[in-house]
Amino acid sequence: MNLSMLRKGVLGVAGVAFAAGVVAGPVAAATVESPAQAATPVAVAVQGDNPDTGRLMPHGVRGEQSRIPLDAEQTGNVKAIIAATKKAGMDERAAVVAIATSLQESKLENLGHLGDRNDHDSQGLFQQRPSSGWGTVEQITDPEYSTTAFLKGLKQVDGWQDMPLTKAAQTVQVSAYPDHYAQWETQAADLVAEHWTS
């Protein structure tokens with residue numbers, strides 16, 4: 001059995017598990033991606049003991065990539081996500097998924113309640129909702145807590161390491177825009193490469 005068939009088999013089993021409701025916690029069924037979102041490998045420059053591209057983006061990226069400049073607060077949140085990922089005993093790929101998710105959800109800003117512009121009661125780096133069981137407002141606006149909560153959800157996604165980033169993130173987040181996480185994979189990988197060992 002070749003590697004491609006093995007991956008398809010693993011993803012097929014994971015899809016059946018999601019559909020059957022096996023995954024518990026703040027996790028929902030994965031979405032199916034269109035053929036137009038085929039993976040495109042992208043090189044990431046890494047130096048020294050930093051993680052290599054194969055660990056950061058094992059499936060390449062899907063679609064056009066976005067990038068934003070980060071200020072000191074956003075960079076501090078990147079470092080907090082990386083620290084929480086290490087504390088949770090998870091690897092660099094988990095940090096890439098978490099940072100890409102936060103880039104999509106909040107642009108790496110620890111957002112409080114936005115009043116009329118708020119999506120229900122979503123807050124924090126990952127736009128988690130107290131009413132959906134993610135924690136209290138104080139907890140989900142704490143970068144370490146919110147990252148740990150996101151990673152706990154990610155750990156419950158069977159085979160997340162073998163999924164495209166956007167599928168793994170969507171399975172945890174249950175967003176109305178499931179494919180939007182993909183656009184941040186390159187910047188997230190670059191940030192992990194830069195800050196993982198700092």
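Me: Is V157 buried or exposed?
Reply: V157 counts as buried, because its relative accessibility is 0%. Here, buried means under 20% relative accessible area, exposed means over 50%, and partly exposed covers the range in between, with a 1.4 Å probe and protein chains only. Please note that this is a predicted model, in which local features need pLDDT of at least 70 and side-chain atom pairs count only at pLDDT 80 or more, while totals for chains, interfaces and linings use all residues. Residues are numbered from 1 along each chain as its sequence is written, and side-chain values use heavy atoms, leaving out hydrogens and water.

Me: And where is the place of V157?
Reply: V157 sits in the loop between α6 and α7. Its C-alpha atom is separated by 9.6 Å from that of A169, a residue 12 places away along the chain.

Me: Let me step back. How many helices and strands are there in the protein chain?
Reply: The protein chain has 8 helices and 2 strands. These elements are DSSP runs numbered from the N terminus: helices are H or I runs of at least four residues, and strands are E runs of at least two. Along the sequence, their pattern is α-β-α-β-α-α-α-α-α-α.

Me: What share of the 198 residues count as buried?
Reply: The share is 44% of the 198 residues. The accessible surface of the chain is about 9700 Å², and 54% of this belongs to carbon and sulfur atoms. Such areas come from the Shrake-Rupley method with a 1.4 Å probe, and for residues only the protein chains shown count as cover.

Me: Which residues have the most contacts inside the largest nonpolar core?
Reply: They are I99, F150, L154 and W160, in a core of 39 residues. Two or more residues each are given to this core by α3 (72-87), α4 (92-106), α6 (143-155), α7 (165-173) and α8. The largest share, 8 residues, comes from α4. A nonpolar core is a set of buried Ala, Val, Leu, Ile, Met, Phe, Trp, Tyr and Cys residues joined through side-chain atoms within 4.5 Å. In soluble globular proteins, nonpolar side chains tend to be buried together.

Me: What is I99 in contact with, leaving aside its neighbours within four places in sequence?
Reply: With those neighbours set aside, I99 is in contact with V78, I81, I82, L108, A188, L191 and V192. Contact means heavy atoms within 4.5 Å.

Me: At what angle do the axes of α3 and α4 cross?
Reply: The two axes cross at roughly 145° and come within 9 Å. The contact involves V78, I81, I82 and T85 of α3 together with A94, A95, A98, I99 and S102 of α4. By type, these residues are 7 nonpolar, 2 polar and no charged. Axes are lines fitted to C-alpha atoms, for helices over the stretch in contact, and angles run from 0 to 180 degrees between N-to-C directions. Ala, Val, Leu, Ile, Met, Phe, Trp, Tyr, Cys and Pro count as nonpolar, Asp, Glu, Lys and Arg as charged, and the others, Gly among them, as polar.

Me: New topic: what is the phi of L108?
Reply: L108 has a positive phi of about 65°, although it is not a glycine. Most residues other than glycine have a negative phi. L108 belongs to the loop between α4 and α5 (137-140), and L108 counts as buried because its relative accessibility is 0%.

Me: Which residue follows α7?
Reply: V174 follows α7, and its phi is positive, near 55°. V174 lies in the loop between α7 and α8. With a relative accessible area of 46%, V174 is partly exposed.

Me: How many of the 9 residues of α7 are buried?
Reply: In α7, 8 of the 9 residues are buried. One of them is A168, with a relative accessible area of 1%. Apart from neighbours within four places in sequence, A168 is in contact with L154, W160 and M163. The C-alpha atoms of A168 and P178, which are 10 residues apart along the chain, are separated by 9.9 Å.

Me: Finally, where does H195 lie?
Reply: H195 lies in helix α8 (residues 185-195). H195 is buried, because its relative accessible area is 9%. Beyond neighbours within four places in sequence, H195 is in contact with T75, V78, K79 and I82.
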